[in-house]
Structures are given as structure tokens and as C-alpha cells.
Amino acid sequence: MSKPDCLPRIDRRAAIQWMLGAAAAIAARDTRLLAADDTAAPITAKGYGPDPSMVTIYKPGDVWPLTLTEPQRRTTRALCDVIVPADDTSPSASAVGVPDFIDEWISAPYPDQAKDRPLLLDGLRWIEEEAQRRHQTAFADLSGAQQTGICETFADAVKAKAIHAKAAAFFKRFRDLTFGAWCTTPEGMKAIGYIGNVPSVSFTGPPLEALKHVGLA
Amino acid sequence: MPLITAEKLRDSYDVVIVGSGAGGGQTAYTLTMEGVKVLVLEAGRSFDVQTEVAMFQLPSQAPLRGVATPDKQYGFHDCSINSGWDIPGEPYTQAGKAPENQFRWWRQRMMGGRTNHWGRISLRNGPYDFKPRSRWGAGFDWPISYEDVAPYYDKVEMLIGVFGTNEGLENSPDSSPGVLQPAPKLRVGELYAQKHGKKVGAHVTSIHRAVLTQPQDAETLPAKLHPGNPKAQGILAEHMRNRLPCFWATDCHRGCTIRANYDSQTVHLRPALATGNLDILPNAMAREITIDKEGKATGITFIDKTTGREGHAKGRVVVLAASSMESVRLLLNSKSNLFPQGLANSSGKVGTSITDSVASGLGAYIPAFEGMPIHNEDGAGGAHAYVPWTLHAQNRNGELGFPGGYHLEFASGRRMPTLTTFSGIDSRSGSATTLFGARLKEDARRVHGCVLGFAAQGSMLPNDGSYCELDPEIKDRWGIPVLRFHWKWTEFERNQVRHQQKHIRELLEALGGSVKPFVEADLIESMKPGGSVIHEVGGAIMGSDAATSVTNQWSQTWDVKNVFLADGAPFASTADKNPTLTIMALAWRMADHLMDELKKGNI
């Protein structure tokens, strides 16, 4: 809070221009990602504390170290992209940094994430064991169809029991994290039809075609 | 920024206020504009809304996609620092073990208090809300009526800027002509609920929120608010011109750098500082109200959190606006030979009559929204519509089994996705397996924005099982005894939640959603624990006699004439309206009375 009489008188247009600029700068910085950490040390790191800078743009690894090993990261990357593959209009999960987010989550010094850590690490191992059992090949090196085949088993609560009692729970959790991480990126938001977070001078209400869509016009 | 340090305190102030939120901010504003010398003590650090709030940052730019953690309990980008239900070194305890006997206590330790973390919903209490005993035969009548507060509601709304419409509704009062800012257009989901809600008696209409939808009228409002006071008018006009109207993006809970929405620093403390009559001391944790031999308050003892040293601020008058429960704690901790039960507690009523909004919610998938043409639905950073309580005829004498009523808040449309937005997508898509791949992306696109949920918030009257006291053993990190909470839901609240759940289900079904029928076994689980809505009030309620209440109608304690309360503590009950606007209106009214009493030499 600065002294009121020193405050610059900003006009609305200037404020919006400034905001647009800030939003663009933020978007540009988001694509830089950290290289993998090669160790899986126990989580002893500290969190960001009760008074972190909220305006800072964070990347996985900025606050606490990432802990997945390189083989675990390979499995993670491949699994993320089976869950969210690229298509004509939007990128895959790994193209927007989701594997780093998974690593950040698994490595986080907070209770909810610590609870997820054993399930997610075990699950990555189950995925590899199943790839070896079926195809004697690492999951990341399988064909798309082979990867999908394995995921279909994990995604089905009944069939997944044959792999492990918690295999389906692992897959659901991993899917939720992967998809949630993807759709909270600018590319993911666009892909699912969220086009807000931009300032405008007026709010004109729903367009006519939206009203027509639900019988209001 | 003219914040001071403990060394810079003046020898004495006219008024020492504890807390810088809605109540403390409004009190400081009203007093300093009239020339009263004021000190505000704030337990948290200074906070610069202009540079510290994250308006446009995406979840992908926060650690863990911004989900809540023990460090940031409402999510990373929520405008709260050093705040939460659980703050290290600052515990509170529970007398009961059962889940329904728990009370959760949110503390906001930062400049501006909880006004940083707020949906800006600004609803007036109605005439019935001040007279629950007369109307429903339960609780306590407030010693004031709606007519006493109405002029102050007008003033506060003109000052802070509130959008909305006047609907002529029973017990949800209109504002005076020219007071409200124009309401924004309703979103398509809100209009859809408006049309189809009618089938089940739900009146969907524009909500009132403290967000500017157009520039404030700096030419005429200052003269209305400060007649005969050109200095105050000039300061206020300047500050009104420095606020921009909403730019229709970003969630209000993140704070607002363009000052379109209200927070205490932006609207109250800045002009108050500009008068030259205000000092603000941050990082000052109030410990005790000090008194003289005659039992008059002399000031506040506080811990300077930057040094750990104890300090004292002297004032002719002390105003507690530390949040309802924190103000109660201060009174209880101010024990002396004259006041062995704590200050202003000769009635034994300090800590009693705590109430909170009675809340539950329910959501459903609305198939009609599928395939909605994509458009930007952000709007004014929160709801444009709500469902006020209108079943007064059915509940004239509590015939529904509970006094008062509840309103419904809801959010519709394609909102910014969070990490968990699509966690329930499988059942929504009718899939027995966990979806992935191309179908997952397609279905997410199809279902996004199709879920509509209603959250009910309703009245609560005091009961003998909901109160707090000092814990006999536990102290916080500053050595100050902590509060122990007792919480009880009565059949009134349980009946209200049964009604909420039934009504919301009917409403969702009227919109084409399908919802599982309510089962009685889910009742306690669907009731949010006491304190969860962060609307807790009471604990030092106002009344018409000193034996059964803590303050008079001016929020002035019966026992100590120069101690006033300016937060929710004097509320004699919780209405079906959010408390913040009423806190401000009562604070302004209290401050006017305080100045009269000072002038008359009564305090």
C-alpha cells in the first residue's frame, strides 16, 4: 500500500493494456521446464510456507526438488501421453509439461501428496511389470496399441484386480492428475472450451446462439 | 505507506481499534474523516494489493496447480497469507469429539483481514432478521430494527460500491434510489435457472456484490456521505476516481489490483490515511485491554511480532474489530480484580450465542448445457445471480420446522478449470471404466460447464451448546490463552438442512438434472461443520438489558462505557444473509454514536 496521494491515476484503457501484457508474459514463461532429477530421495524438503509470493510464476522443481528417477520419468511420460494424446487441435500431456507436474506432486512435502506418493510409485512399477509380462519391453517402447491395451486393463476395476488390488485406484489417480494438469495449461483450457481470463471493457451477457441453445431465445 | 512501527506510536490516541478488516476499516474511516485520531492494530503483516495479488496467473503457474495445502488452505492464488483454519503456534481447542460438535475457525492474519478473501456478496439483513424472537419465538430480538440500520446500509453501499437490483422482496430489502451500481447481465446458466426455477418456486434474481460495474459518482456521492465536511468530500472523491470498474475477468477471491471490488485497504484505510488522522501498526498481536482504577479502558497491550516485545497503545476509547471470536478472546483474556470473569462479562455472556450460516450444497449435471456455444462467461469474478429466500408465508411461525430461511448461491458455465474439475467425468459420461485418450478429451469438452451446483446459506439462532471459553491450559506461541469451542446443531438447523437438500434437489430436477434422493443418514455429513462458511458471529451479543447481553444497541459494552465492538461479535443471530455488509453498517452507526458520546464528554 503506497501513500494515496502518490498513486498514479491510471485510466481504464491503460490498465487493460497493462494486464494484457502481463498475461502474455506469464503465458510465455510457462513453457520453460526443468530437466529431470536423477534421484529418488525421501521427501525432506520444505513447502512454500504460509506467505509465498503469489505473483511469481512457478515451475515444477522451483520450490522443492523433483525426485523421480529417469526410468520412472520415462514411464510417466509415456503414460501421460496415452492418457492425453495429441490430436489435430491440441497438444499431448508431455508437450505441455505434465510429467514434470506429476514429479512435482510425487515429490511434494505436504500430507495429501505424501499419501499419493506410494500408490503412484507402485503403480508406475506395476505398469512396467505388466509391459514386461506381456511384451518383454519397457512401457515407453511399446506401440500405441500395446500401451492402450495395458491401460484398458488398468482402467477397468474388475480386470485390474488381476494385476494388483490397487491397480485401478492408481490408474484413476494418475489419470485425474494428468488430465487435471493438462487442462489447467493455456493449451488445455483452450481445448476444452474455456476462453476467459482476459479483460474486456464490457460484459454483454450471453450471445444469442447460447440463449437459443437452451431455449431462452 | 505510512505504516508505523511500535517505536513510532503516539503517546495517546482518541480511539485504538484492534483489527483492520471490514469492521475495523469502516470504524477507522468514519472516525478519521471527522477528525478523530485513530490507531489501528493489525496482527498480520502489511500487504500491498497492487503488487502482491495474482489476478491472471493460471493454476499451471502455481505449485501443485494451486491446490490447497496446509500452507495455503484456500488454494495458492487465494488472497490469503499467513491465514487459515490451522495456523502453526496459534491453536484453538474443541470441547466435543463428535464431528457435529466441531467448530472450525478461520483466521486471516494480514492487512485488511478477511476482506481480502471474500466473494463480495453484500446482502442486507431484513426486518425479520432483527426480530427472531418476536417472529419465531426463539433466539433473541436485536435491540435495533431494520429502520435503524437502513440509512447506514445506504451509506456503506454508496461508499464501497455494490451492484444489484431492487426487487421489492419481502425481508430482502431494497436500497434507496441511486445507491446501487447497475447489475451485470445474467449468464446463460443463471437465466436458465431463472426460467426453470419458477416451476419449484425458486426466484432467481440479481445478487448484490461489492464490485463496481461503472465508475463511482465522485461528483455527488462524497457530499451525500460527508455533508458539511469539504475535506472528507475531497479525499473520498479522489479515492473514488482512483478505482476502476470491473474488467470482467478473474475471481474476486484473488484480490483486485484495479480496485473494482471492495477490500478494506482499498476503500476504507487509504482515504482514512489520507486524512492524516490514522496510524496503522502491523504485526501487533493484541493481548489484553488495560483498565484504570475506575474500570475504564485505557488501551491495548500487544505483542510486537517483529521483536517479540510487549507494547502498549493508549486510547480514550477501545474498539474491538478483531473478528468475532478473536474479540471475544480479548475480552475473556482481560481479567482483573474489577473484572475477574473477563472484561465486560458481568453477565457471564461473553463467548455465548455463537452462530454461523447453516450451509449445505448439491450439484447435478444439466444435459441442456451440453454443446453450449463457446463464449466467455467470466463476468464479475463471481455470481451475478442468486436465489433469495421467499417462503415467508410458509414459515410465518416457523411452520417449516426452522426459523428464518436460507438463500442459494450458485455458479454456472465454463469456468477456469482446476486440477479437480474433471475428476468425476467417468460417471458423468456413463463410463464404468476410467476414461483416457481421445474419448477423455472429447467428453471433457462436451461436459465442461454442464455441472450446476447450489449452495445454501441460512439463518441460525443462538443455542446453549454453541459457545466458547478460554482453554484452561493451552496457550498460543505468544503465551496468550486460546479459545475452546463447544458446538451444537439443534433440530432447527437439522430441519433447515433437510429442507435445503429437498429444495435444491427439486430445483436441479426442474433444470433437467438428476440427483440421488436425500437420505437421512447423510444429514450430518451434508451439514458443513460450524465455522466452515467463515460467517461466525456473536459471542458478545447486543441486547436491551445488561443481564442478558454484552453490549447495548450501539455495540458499546454495558460494563465498560469506552469499549465498543465493530465486528460480528454483537450480532444476536445469523440471518440468511452474509454478515459483512451488516458488520460495516453497524460499525458506521457505532462510530457515529461513539463520536457523539466523545463530544458530550460521556466517555
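At what angle do α2(A) and helix α4 (residues 111-135) of chain A pack, and how far apart are their axes? In this predicted model they pack at an angle of about 80°, with their axes 10 Å apart, where axes are lines fitted to C-alpha atoms, for helices over the stretch in contact, and angles run from 0 to 180 degrees between N-to-C directions. Residues are numbered from 1 along each chain as its sequence is written, while chains are lettered from A and ligands numbered from 1 in the order in which they are written. Since the model is predicted, local features need pLDDT of at least 70 and side-chain atom pairs count only at pLDDT 80 or more, whereas totals for chains, interfaces and linings use all residues.

**Two helices of chain A**

- The angle makes α2(A) roughly perpendicular to α4(A), a term that covers 65 to 115 degrees; helices (H or I, at least four residues) and strands (E, at least two) are DSSP runs, numbered from the N terminus.
- Gln72(A), Thr75(A), Thr76(A) and Leu79(A) in α2(A) meet Leu124(A), Ile127(A) and Glu128(A) in α4(A), two residues being in contact if their C-beta atoms, placed from the backbone, lie within 7 Å.

**Where chain A touches chain B**

- The contact takes 73 residues from chain A and 75 residues from chain B.
- On the side of chain A that touches chain B, the largest share, eight residues, comes from α7(A).
- By class, that side of chain A has 46 nonpolar, 14 polar and 13 charged residues, where Ala, Val, Leu, Ile, Met, Phe, Trp, Tyr, Cys and Pro count as nonpolar, Asp, Glu, Lys and Arg as charged, and the others, Gly among them, as polar.

**Chain B as a whole**

- Chain B has 14 helices and 17 strands, and its C-alpha atoms fill a box of roughly 75 × 50 × 45 Å, taken along the principal axes.
- Buried residues make up 59% of the 603 residues in chain B, and a residue is buried if 20 or more other C-beta atoms, placed from the backbone, lie within 10 Å of its own.

**Helix α12 of chain B**

- Helix α12 (residues 491-510) of chain B has 20 residues and reaches 28 Å from its first C-alpha to its last, close to the 28 Å expected at 1.5 Å a residue, the expected span being 1.5 Å times one less than the number of residues.
- The buried residues of α12(B), among them Phe492(B), Val497(B), Ile504(B) and Leu508(B), pack against α5 (188-197), β11 (358-365), β13 (406-411), β14 (451-458) and α13 (523-526) of chain B.
- Just after α12(B), Gly512(B) takes a positive phi of about 95°.

How values were computed. Angles under 35 degrees count as roughly parallel, over 145 as roughly antiparallel, 65 to 115 as roughly perpendicular and the rest as oblique. A residue is buried if 20 or more other C-beta atoms lie within 10 Å of its own, exposed if 12 or fewer, and partly exposed in between; C-beta atoms are placed from the backbone.
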